[in-house]
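I opened the model and kept notes on what I looked up. The entries follow in the order I made them.

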Amino acid sequence: MRSLIVGAAQMGPIARTESREQVVERLLALLRKSAERACQLVVFPELALTTFFPRWYTEDEAEMLSWFETEMPGPETKPLFEEAARVGIGFSLGYAELSIDENGIKHRYNTKILVERDGSIVGKYRKIHIPGHEHNEPWRPFQHAERLYFEPGPEGFPVWRAFGGIVGMAICNDRRWPETYRVMGLQGAELILIGYNTPLHYAPDIQQNPLQAFHNHLVMQAGAYQNGTWVVGVAKGGVEEGVESLAHTVIIAPSGQIVAQCITNGDELAVAEIDLDFTKLYKDTVFNCDLYRVPEHYRLISEQRGVVPPPE
Ligand code: CDT
């Protein structure tokens, strides 16, 4: 048995006025709870240092960049890294990243990092499936302008050897796309860490609103089962700046079963001891990819973007 005790550190709302220091205090409280429960790895949500700012459209670059981190750790996040290393707990943290390339061009990413128990960053994932819209859409009760704030990550879906296993990451809307899990599954992922901010109100089709919790679990349970991997899905939930977001944080086994979950909309820790060897039961049997996959019949998945129906 390759045992790992994992904490899913759900967060309640973060107010627009809440400072990074105040948010880091909340993260530290969750980290200390994780230590009390012997966690070796704790997973925080998407954009865990700020309110979910894509709900506001802006054309003011300074206002936009005020939500982004230029270094990690920076002065406000350093206490989290230090305390995690002191208590020997690794963590995964979502935040908005401003990166400046060798030509001086600014890139804005929706990013998630994996930090080992000694405080070193072992991996960085930048969100690929950027949902919502780029332009102001005043007909909506609130905006979901992620396509204004973020460009898709250029590095695909890497996995890392860490915490005694093979670990990957994904961010929010990524979890709805089966390709996300499969690309990591084909690299042997045994544990996929996901953070999300999911408003209950989906403006393009409000019939989906009451199904948000169902769809959330449906996609992550399917991704876990079909790839024989553990999945940890962590929400920032509750009513944030007037917008209600889904909670329903979960830890899911390679069988697709939920083994731990949060029951509130606020800061809460769900814990499970997971056996990374349990992945073999699925990876070596029903989802033995070497034996059963037929990639020559899957070419459309990577060659084509949209749907092309047959001629009339
Ligand atoms: N943060 C994020 O990716 N949220 C989306 C909302 C739905 S699309 C507007 C999600 O997939 O949950």
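How many helices and strands does the secondary structure of the protein come to? I counted nine helices and 14 strands, taking helices (H or I, at least four residues) and strands (E, at least two) as DSSP runs numbered from the N terminus. I then looked up the radius of gyration, which is 19 Å and close to the 20 Å of the globule rule for 312 residues, so the protein is as compact as a globular protein of that length. That radius is taken over C-alpha atoms, and the rule is 2.2 Å times the number of residues to the power 0.38.

Before going on I noted that this is a predicted model, in which local features need pLDDT of at least 70 and side-chain atom pairs count only at pLDDT 80 or more, while totals for chains, interfaces and linings use all residues. Residues are numbered from 1 along each chain as its sequence is written.

Next I checked the extent: the C-alpha trace spans about 60 × 55 × 45 Å along its principal axes.

I looked at strand S6 (residues 159-162) and strand S7 (residues 165-171), which run antiparallel and are joined by four bridges; pairing requires at least two bridges found by DSSP. Arginine 161 stands opposite isoleucine 166 in S7. Two residues lie between the strands of this hairpin, where phenylalanine 163 takes a positive phi near 55°.

Last, I listed the residues around the ligand: Glu46, Pro131, Gly132, His144, Cys172, Asn173, Arg176, Tyr196, Asn197 and Thr198. The criterion is a C-beta atom, placed from the backbone, within 6 Å of the molecule.
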